[in-house]
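Trainee: I have a model open and want to learn how to read its features. Could we go through them one by one?

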Amino acid sequence: MDRTPLALHACCGPCSLEPVKLLREEGFEPTIIWSNPNIQPLAEHDLRLRTLRKWADEVAHVQVIVAGDDRDAWERSVAPAAFDRERRCRACYALRLAESCRVARDRGFQYISTTLAVSPYQLFDVCEDELVKLAHAYGLTPVWRDFRPHYPEATRESRDLGMYRQNYCGCRFSAAEAAIERHEARDARKAQRELARAGR
């Protein structure tokens, strides 16, 4: 079956599982573009990229293009937003998707999408705004899909495959936010257990 080439910006391996499968079912043939200068520390970035490449090579048989990861640009344009999440994430999406669109245009793609539309933890509407705007600016056609309903399936499948699964989006601010959320969830569970014991 001849499929239509599509550039797929990927944030990690686990989030790539369902988009690659579903886009192929639609008649596209994805080529993954990796551009994620947000991922900190560098060892974490490299681990996620290795995980993605191993799955892409051994399971999905999809090409991976490692594009620019301009960390200085991330520090200049994204880090100043710090814990202003919408501002920070919008700037981060813009940086990563602009590089992906540039590479897609230069490689002759017409269509572009992103795996950022999988995770329910992403700012879905903000990401869509940035992808559509940047795709048009680079002369590309955005392929925006709501992959979030498939997140539980991607989670199960990635665990079955033994893939490394991160517990924060990527940057140091998201790592701190995720740690706080886990701590609050632990406290809430502890409080519920104590209430249950008291009610016996």
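Trainee: Which helix supplies the largest share of the lining of the largest pocket?

Mentor: Ground rules come before that. This is a predicted model: local features need pLDDT of at least 70, side-chain atom pairs count only at pLDDT 80 or more, and totals for chains, interfaces and linings use all residues. Residues are numbered from 1 along each chain as its sequence is written, and side-chain values use heavy atoms, without hydrogens and water. Now the pocket: helix 4 gives the largest share of the lining, 6 residues. Helices are DSSP runs of H or I with at least four residues, strands are E runs of at least two, and both are numbered from the N terminus.

Trainee: What counts as a pocket?

Mentor: On a 1 Å grid over the protein atoms alone, a pocket is an open set of points with protein on both sides within 12 Å along at least five of seven lines; a 1.4 Å probe is used, and lining residues have an atom within 4 Å of a point. Here the largest pocket holds about 820 Å³. Its lining has 35 residues, and Ser119, Tyr121, Asn167, Tyr168 and Cys169 lie nearest the centre. The lining divides into 18 nonpolar, 8 polar and 9 charged residues.

Trainee: How do I read helix 4 itself?

Mentor: Compare its span with the expected one, 1.5 Å times one less than the number of residues. Helix 4 (residues 85-106) has 22 residues and reaches 31 Å between its first and last C-alpha, close to the expected 32 Å. Its buried residues (under 20% relative accessible area, 1.4 Å probe, protein chains only) include Cys89, Cys92, Tyr93 and Arg96. Just after helix 4, Gly108 has a positive phi of about 90 degrees.

Trainee: In what order do the strands run in the sheet?

Mentor: Two strands pair if DSSP finds at least two bridges between them. The 5 strands form an open, parallel sheet in the order 3-2-1-4-5. Strand 3 (64-66) and strand 5 (141-142) are the edges, each pairing on one side only. Strand 1 (residues 4-10) and strand 2 (residues 28-34) share 7 bridges.

Trainee: How many aromatic pairs are there?

Mentor: Rings of Phe, Tyr and Trp (its six-membered ring) pair if their centres lie within 6.5 Å; planes under 30 degrees apart are stacked, over 60 edge-to-face, the rest tilted. The count is 5. Phe28 and Tyr111 are edge-to-face, at 5.4 Å and 65 degrees. Phe28 lies in strand 2 and Tyr111 in strand 4 (residues 111-114), so the pair ties together parts 83 residues apart in sequence.

Note on methods: Buried < 20%, exposed > 50% of the residue type's maximum accessible area, 1.4 Å probe, protein only. Points joined across faces, edges and corners; volume = space filled by probe spheres on them. Nonpolar A, V, L, I, M, F, W, Y, C, P; charged D, E, K, R; others polar.
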